Amino acid sequence: MQQDSLQAVVVGAGTMGTTLAKLMAAQGVHVVVVDTNPQVLEASRLSMGACAAGVCFTTQLKMNQAPDFVIESVTENIAIKQKVVAQIEASVADTTIIMTNTSGIPIDDIGSSLRLPQRFLGTHFFNPADIVPTVEVVPGSHTEAAVVETTCRWLKQLGKRPAVLNTCVPGFVANRIQHAIMRECLSLLEKGVVEAEALDDIVQYSIGVRMALNGPLCQRDLNGLDIHLNIARYLYPDLDARDEPAALLEDYVAQGRLGAKTGRGFYRWSEESRTQHQAQERESLQRIIAIATQHEQKGES
């Protein structure tokens, strides 16, 4: 597949849709961004900077040419996603691969009304999509193996690391792990074991820096599975195992403490501090990824 001959459509011009289009445009893919809100489209165009020059922005989901790939990247709401993927299928050729950029909704649920579910699958990109390498590739029960292979080959051409799931489970892999970590973090905060700043320091500068170089299973191999087992035997009974969200989280959301977007979550945020932090994060992520890749290459040599 030659990138400069490929046609791709991104439906949804929010944060993820914008960075997805930016990723593809930077790799020479002909990209169309669709969103029903003209203001959102304009914000997307401005956010892309120079990459926007090669992108078509439109409010109409009408295909002048048969795209090779369409990625649905609308809000994480199953009813909306079902409606949008059905509209996409009605607008494209039978050969077009349709993807949903969901972060954890079952693929079969989203594609339940599709006429050709065999060409539909999940591709969970991580924000910012133009920087973070891994993409969870999640086939539905009807997805053809050739569709998975073609999608993975394209993702690799985009510079991504496709990670294929054998089975679709709610939350996929990354969000299940992320929420398991957050469940314990919130429990520790509720019990008064640690303050928010200290907890973030502990995770960021211990677990976090190590996992940039080794995944959790590789790290356990290096430490010794017998050691992990001994700790697990006494620690597991004391870990948080509730099956409902923490009361602390429920309270914060009820108070409007939604995080940086409302000025307060666990921390206080201004528009300036939020913008500055996000800019620094993008720059730092690129350096961290470069170091992790270099570390991997040395390990293989």
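**Legends for close-up views**

**View 1. Phe 172 lies in the loop between strand E8 and helix H6 (174–190).** Helices (H or I, at least four residues) and strands (E, at least two) are DSSP runs, numbered from the N terminus. The model is predicted, so local features need pLDDT of at least 70 and side-chain atom pairs pLDDT 80 or more, while totals for chains, interfaces and linings use all residues. Residues are numbered from 1 along each chain as its sequence is written, and side-chain values use heavy atoms, with hydrogens and water left out. Phe 172 is not a glycine, yet its phi is positive, near 55°. At 0% relative accessibility, Phe 172 counts as buried (buried is under 20% relative accessible area, exposed over 50%, partly exposed in between; 1.4 Å probe, protein chains only).

**View 2. Eight strands make up an open sheet of mixed pairing.** The order across the sheet is E3-E2-E1-E4-E5-E6-E7-E8. Two strands pair if DSSP finds at least two bridges between them. Strand E3 (55–58) and strand E8 (161–164) are the edges, and each pairs on one side only. On average, neighbouring strands are turned by 25° against each other, direction ignored. Axes are lines fitted to C-alpha atoms, for helices over the stretch in contact; angles run from 0 to 180 degrees between N-to-C directions.

**View 3. Strand E1 (residues 7–11) runs parallel to strand E2 (residues 30–34).** Five bridges join the two. Ala 8 has Val 31 of E2 as its bridge partner. Val 11 has Val 34 of E2. Which part of E1 is buried? Four of its five residues are, so E1 is largely enclosed by the rest of the structure.

**View 4. Strands E4 and E5 pair in the parallel sense over four bridges.** Ile 71 has Met 99 of E5 as its bridge partner. Side chains along E5 point two ways: Ile 97 and Met 99 to one, Ile 98 and Thr 100 to the other. All four of these residues are buried. In a regular strand the side chains alternate between the two faces of the sheet.

**View 5. Helix H3 (residues 78–91) lies across E1, strand E4 (69–72), strand E5 (97–100) and strand E6 (120–125).** Contact means heavy atoms within 4.5 Å. H3 runs at about 165° to E4.

**View 6. Asn 127 and Pro 128 are joined by a cis peptide bond.** Omega is about -5°. Pro 128 sits in the loop between E6 and strand E7 (134–139).

**View 7. Helix H7 (residues 196–211) carries a kink centred on Gln 204.** The kink is about 30° (the bend at a residue is the angle between axes fitted to the seven residues ending there and the seven starting there). H7 has 16 residues and reaches 21 Å from its first C-alpha to its last. That is close to the 22 Å expected at 1.5 Å a residue (expected span: 1.5 Å times one less than the number of residues).

**View 8. Glu 72, Glu 76 and Lys 81 are linked in a network of salt bridges.** A salt bridge is a side-chain nitrogen of Lys or Arg within 4 Å of a carboxyl oxygen of Asp or Glu. The count by this rule comes to ten. Between Glu 76 and Lys 81, the closest N and O atoms are 3.7 Å apart. Lys 81 is buried, with a relative accessible area of 0%. Glu 76 counts as partly exposed, at 37%.

**View 9. Glu 296 and Arg 161 meet in a salt bridge between their side chains.** The N to O distance is 2.9 Å. Glu 296 lies in helix H11 (residues 271–300) and Arg 161 in strand E8, so the pair ties together parts that are 135 residues apart in sequence. Glu 296 is partly exposed at 30% relative accessibility. Arg 161 is also partly exposed, with a relative accessible area of 43%.

**View 10. Arg 287 forms a salt bridge with Glu 283.** Their closest N and O atoms are 3.1 Å apart. What separates Arg 287 and Glu 283 in helix H11? The two are four residues apart, so about one helical turn lies between them. Arg 287 counts as partly exposed, at 47% relative accessibility. Glu 283 is partly exposed, with a relative accessible area of 47%.
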